[in-house]
Amino acid sequence: KGPINSCGRLASSFSKAGYNTDIMDLAIDTGRLILLVGDVSQRNLGLESMLLSTVRDQVTSIIHCAWNVDFKLSISSFMPDIAGIRHLVNFAHGCTTSGSRDPPKIVFISSISIAQASVPGPVYENLLSSPLSALGSGYAESKWVAEMLLARAAHTSGLLVNIVRVGQVAGAPNGAWNTLEWLPSLVK
């Protein structure tokens with residue numbers, strides 16, 4: 001699909017949420033931000049081969065913070081999300097084919113829900129190796145699987161992976177919040 005002029009779409013979303021678009025505009029104008037449309041559930045992220053090669057040569061960090069949020073779905077409904085993690089691992093490996101640089105680091109925004117069936121108390125920053133810790137929600141189970149895939153990739157190939165477990169990524173400064181998220185759904 002290649003680069004597209006999604007600046008207007010992104011700027012509109014930022015404005016609706018109450019974010020200042022000046023920083024985004026500056027980053028785009030200086031070339032520090034390039035907007036691309038891809039699909040992590042697709043092999044090669046849905047990018048054309050020339051564009052994929054260019055991105056592989058330049059990317060230094062991958063932040064994965066997009067996941068289907070629906071606590072009523074089974075784990076099988078999250079297969080595209082899980083496949084996306086595997087494709088990002090493959091992409092990161094492909095960034096080092098020349099051996100001239102380190103692979104990009106991967107930051108995965110997981111969820112505290114993967115510990116929902118654990119013993120009550122603090123959840124430490126270690127991996128929860130038992131799938132029973134996430135049992136009861138396809139969402140939590142799928143996040144657990146993603147964490148295990150990333151941990152395995154880090155262990156076997158040396159990829160630098162950071163897993164961040166959050167309870168909720170909050171709404172925008174003006175209070176805008178996806179109405180399908182759990183808190184707005186409760187209020188609604």
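A residue counts as buried when its relative accessible area is under 20%. The model discussed here is predicted.

Q: What makes Leu51, Leu52 and Val55 a group within H3?
A: Leu51, Leu52 and Val55 are the buried residues of H3. Each of them therefore has a relative accessible area under 20%.

Q: Which helix do the buried residues of H3 pack against?
A: They pack against helix H4, which spans residues 79-94.

Q: Why is Leu45 called buried?
A: The relative accessible area of Leu45 is 9%. Leu45 lies in the loop between H2 and H3.

Q: Why is Asn44 called partly exposed?
A: Asn44 has a relative accessibility of 37%. Buried requires a value under 20% and exposed a value over 50%; 37% lies in between, so Asn44 counts as partly exposed. Asn44 is located in the loop between helix H2 (22-29) and helix H3 (49-58).

Q: What makes the phi values of Asn44 and Leu45 worth noting?
A: Most residues other than glycine have a negative phi. Asn44 is not a glycine, yet its phi is positive, at about 60 degrees. Leu45, likewise a residue other than glycine, has a positive phi near 60 degrees.

Q: Why is Cys65 called exposed?
A: The relative accessibility of Cys65 is 59%. Exposed means over 50%, so Cys65 belongs to that class.

Q: Why does Cys95 count as buried?
A: Cys95 has a relative accessibility of 5%. This value is under 20%, and therefore Cys95 is buried.

Q: How many disulfides does a search of the whole structure find?
A: The search finds zero disulfides. A disulfide would require a pair of cysteine sulfur atoms within 2.5 Å, so no such pair was found in the structure.

Q: What is the secondary structure of the protein chain, and what pattern does it follow along the sequence?
A: The protein chain has six helices and three strands. Read along the sequence, the pattern is α-α-α-β-α-β-α-β-α.

Q: How many of the residues of the protein chain count as buried, as a percentage?
A: Of the 188 residues, 32% count as buried.

Key. Residues numbered from 1 in each chain as written. Predicted model: local features only at pLDDT ≥ 70, side-chain atom pairs only at ≥ 80, totals over all residues. Heavy atoms only, no water. Helix = DSSP H or I, 4+ residues; strand = E, 2+ residues; numbered from the N terminus. Buried < 20%, exposed > 50% of the residue type's maximum accessible area, 1.4 Å probe, protein only. Contact = heavy atoms within 4.5 Å.
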